[in-house]
Amino acid sequence: MAQYIKQVLCLVLTLAVAAAAAYGSEKMDYVVTNNARGSAGGARFDKEIGAQYARQTLMTATDFIHRLFQQNQNAADTKSVQRVSMIIENIDEVAFASNNNIHVSSGFIERYPQSQDIKREITGLLYHQMAHLLQWDGNGQAPSGLMEGIADYVRMKAGYAADHWNPPGVGNDWHQGYEVTAHFLNYCDGIRNGFVAALNKKMMTGYSEGYFTELLGKPVTQLWSDYKAMYANN
Ligand SMILES: [Zn+2]
């Protein structure tokens, strides 16, 4: 009898773990590789950040982004990613994402001021890059400034806005990208809670500026003018 109860308990536990895994980062594989161990940047990564912390951050970021985008791991409108690799290496860019690989520059880590928090900066950078892996791109039609804006919006909402960012209200165009667009998207999300999640969902199959009008009742150019007017006296 005791044996039977044990077996049933074991089955229940197994099902519970499987259910949890179906909706979270547990279902994905994360691999962090430091290919710059011989360099000062690679050594600083190991000392001040570490592969284990980076891997945990990628997992936390995945769950955060799914919540922000209002998506479940297995839903049809959720981007399917099985394995994420982060590679620290000698590249010209600070970081970029492609084919579910996140490349981070060892030179950037090396040159980042010693007086500043490199761990926090890389955390924010990983939220940004992870957003690129999980966001929709309107079948390649969405403006790159909007893509970068959504990625920085994710970073901002996670609490990792960079020190060097411009404040809200700065910028010449809504699709200028990065924090300029992120602040504008935050303004739009203030008009309609969940706007960015809804916009990302619409971008699964295509892209049109009309999505802003559909979701917020005003053309994006009008929204940008309203937004700029709010900060005109600052
Ligand atoms: Zn980016």
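Predicted model: local features only at pLDDT ≥ 70, side-chain atom pairs only at ≥ 80, totals over all residues.
View 1. Residues are numbered from 1 along each chain as its sequence is written. Strand 2 (residues 83–89) and strand 4 (residues 101–105) pair in the parallel sense over five bridges, where two strands are said to pair if DSSP finds at least two bridges between them. Helices (H or I, at least four residues) and strands (E, at least two) are DSSP runs, numbered from the N terminus. Ile87 stands opposite His103 in strand 4, and Ile87 is also the bridge partner of Thr33.

**View 2. The four strands form an open sheet with the order 1-2-4-3 and mixed pairing.** Its edge strands are strand 1 (29–34) and strand 3 (95–98), each of which pairs on one side only. Neighbouring strands of this sheet are turned by 15° against each other on average, direction ignored; axes here are lines fitted to C-alpha atoms, for helices over the stretch in contact, and angles run from 0 to 180 degrees between N-to-C directions. Strand 1 and strand 2 pair in the parallel sense over six bridges, whereas strand 3 and strand 4 run antiparallel and are joined by four bridges. Strand 3 and strand 4 form a hairpin with two residues between them, and Asn99 in the turn has a positive phi of about 50°. Within this pair of strands, Ala95 stands opposite Val104 in strand 4.

**View 3. The side chains of strand 2 alternate between two faces.** In a regular strand the side chains alternate between the two faces of the sheet. A residue is buried if 20 or more other C-beta atoms lie within 10 Å of its own, exposed if 12 or fewer, and partly exposed in between, with C-beta atoms placed from the backbone. In the protein, buried residues make up 32% of the 234 residues.

**View 4. Gly107 lies in helix 4 (residues 106–111).** Gly107 counts as partly exposed because it has 18 C-beta neighbours inside 10 Å. When residues up to four places away in sequence are not counted, Gly107 touches Gly41 and Asn90, contact being defined by C-beta atoms, placed from the backbone, that lie within 7 Å of each other. Gly107 and Ile91 are 16 residues apart in sequence and 7.6 Å apart in space, C-alpha to C-alpha.

**View 5. Helix 5 (residues 118–134) and helix 6 (residues 144–157) have axes that come within 8 Å and cross at roughly 135°.** That angle makes helix 5 oblique to helix 6, since angles under 35 degrees count as roughly parallel, over 145 as roughly antiparallel, 65 to 115 as roughly perpendicular and the rest as oblique. The contact is made by Gly124, Tyr127, His128, Ala131 and His132 of helix 5 and by Ile150, Ala151, Asp152, Val154 and Arg155 of helix 6. These residues divide into five nonpolar, three polar and two charged, where Ala, Val, Leu, Ile, Met, Phe, Trp, Tyr, Cys and Pro count as nonpolar, Asp, Glu, Lys and Arg as charged, and the others, Gly among them, as polar. Helix 5 also lies across strand 2, strand 3 and strand 4, running at about 25° to strand 3.

**View 6. Helix 6 and helix 7 (residues 178–191) pack at an angle of about 70°, with their axes 7 Å apart.** Helix 6 and helix 7 are therefore roughly perpendicular to each other. Helix 6 contributes Gly145, Leu146, Glu148, Gly149, Ile150, Asp152, Tyr153 and Met156 to the contact, and helix 7 contributes Tyr178, Glu179, Thr181, Ala182, Leu185 and Asn186. By class, the contact of helix 6 with helix 7 has seven nonpolar, four polar and three charged residues.

Terms used. Contact = placed C-beta atoms within 7 Å.
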